[in-house]
Amino acid sequence: MESVQSNTPALQEQDPRPGLMVDRSFWGMTVTQFLGAFNDNLYKQLMLLLAVPVALAAANAGGGAGESSGDIQGWASLVFSLPFVLFSGFAGYLSDRYSKRPIIVLCKVAEIVIMLLGLLAFYFYGMFGTAGTWIVLFLMGVQSSFFGPGKYGILPELFRAKDLPRANAIILMTTFLAIIFGTVLAGTLKDVLAGEDGDLTNLWMGLVVCFVIAMLGTCSSLFIRRVPAAQPGMPFSIDSVAVSKDIYAVLKQDRVLLKALLVSSVFWLVSGIAVPTINRLGLELLQVNATSTSLLTASIGFGII
């Protein structure tokens with residue numbers, strides 16, 4: 001015990017990185033990921049809400065209230081989630097091969113462009129219909145899939161080992177706060193801008209909010225200090241686009257890590273099932289507006305906290 005206590009100050013002196021609460025990189029990273037998660041969930045929830053009235057229209061046309069063929073929330077969730085399956089492996093390779101800081105900044109710049117495309121998709125909704133908005137939803141998934149590995153992988157490179165638990169806790173807490181606020185704002189924007197007549201062309205004004213948030217997130221990402229590449233000489237191989245052999249070996253040896261990965265996957269699976277179900281519960285069965293429905297959906301986030 002005495003040996004550990006005597007060695008701890010020496011180890012701390014060898015680590016020149018600042019403490020967590022006074023590290024501007026920490027606050028830059030926290031704000032950046034908060035604003036990114038906020039935009040993701042705002043736009044995704046907006047698309048989910050727009051997918052439910054299709055089921056209502058089918059019911060009013062004689063399909064019956066129990067008809068589910070018109071509810072395309074599942075397809076919307078698939079469009080957003082598919083890029084994570086397709087590109088996360090390659091995104092992880094890039095985050096190891098190059099410095100994570102410029103990757104994070106480039107992802108935030110891409111978010112500005114995507115939000116501008118979302119604005120245009122709704123502004124010209126009468127011309128392109130849902131095709132433009134769904135393309136933007138897919139692009140948001142692509143941007144998030146490249147942002148994720150850098151966002152989490154950079155934490156041990158930025159902060160001292162003893163600060164990592166607190167850093168992870170604050171990052172996750174603010175992520176779920178972003179989910180809550182983004183989800184609620186999506187319902188409010190739909191009610192205020194689309195109105196009872198459902199004029200979706202007015203929703204472009206809501207995307208101005210997303211555009212501004214993306215710009216703020218890009219500015220906050222500039223406060224993150226540059227870190228060296230984790231594996232600058234890593235060669236590219238075919239398994240770099242999926243799950244590498246090294247990762248398989250680690251998961252095979254570390255059963256605790258494998259169990260944690262499975263539990264996390266089940267957690268997000270349940271969330272993916274629950275959110276569309278609650279959206280339909282509010283809009284179709286309870287027949288409340290999008291704001292009330294989104295508040296109901298956001299209550300999941302409060303439960304998680």
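User: Does Y123 count as buried, partly exposed or exposed, and what is its relative accessibility?

Analyst: In this predicted model, local features need pLDDT of at least 70, side-chain atom pairs count only at pLDDT 80 or more, and totals for chains, interfaces and linings use all residues. Residues are numbered from 1 along each chain as its sequence is written, and side-chain values use heavy atoms, with hydrogens and water left out. Buried means under 20% relative accessible area, exposed over 50%, and partly exposed in between, with a 1.4 Å probe and protein chains only. Y123, at 46% relative accessibility, counts as partly exposed.

User: How is an aromatic pair read, and what kind of pair do Y123 and F124 form?

Analyst: A pair of aromatic rings is described by the distance of the centres and the angle of the planes. Rings of Phe, Tyr and Trp (its six-membered ring) pair if their centres lie within 6.5 Å, and planes under 30 degrees apart count as stacked, over 60 as edge-to-face and the rest as tilted. Y123 and F124 are edge-to-face, at 5.1 Å centre to centre with 80 degrees between the planes, and F124 counts as partly exposed at 34% relative accessibility.

User: Which parts does the pair of F176 and F267 tie together?

Analyst: The ring centres of F176 and F267 are 6.3 Å apart and their planes stand at 85 degrees, so this pair is edge-to-face. Helices (H or I, at least four residues) are DSSP runs, numbered from the N terminus. F176 lies in helix α9 (residues 164-194) and F267 in helix α12 (residues 255-285), so the pair ties together parts that are 91 residues apart in sequence. F176 is buried, with a relative accessible area of 11%, whereas F267 counts as partly exposed at 34% relative accessibility.

User: How many aromatic pairs does the structure hold, and which residues form one aromatic cluster?

Analyst: The structure holds 16 aromatic pairs, and F87, F90, Y93, F146 and F236 form one aromatic cluster.

User: At roughly what angle do the axes of α2 and α4 cross?

Analyst: Axes are lines fitted to C-alpha atoms, for helices over the stretch in contact, and angles run from 0 to 180 degrees between N-to-C directions. The axes of helix α2 (residues 24-51) and helix α4 (residues 73-97) come within 8 Å and cross at roughly 155 degrees. Angles under 35 degrees count as roughly parallel, over 145 as roughly antiparallel, 65 to 115 as roughly perpendicular and the rest as oblique. The helices α2 and α4 are therefore roughly antiparallel to each other. With contact meaning heavy atoms within 4.5 Å, D40, K44, L48 and A51 of α2 meet Q73, A76, S77 and F80 of α4.

Terms used:
Helices (H or I, at least four residues) and strands (E, at least two) are DSSP runs, numbered from the N terminus.
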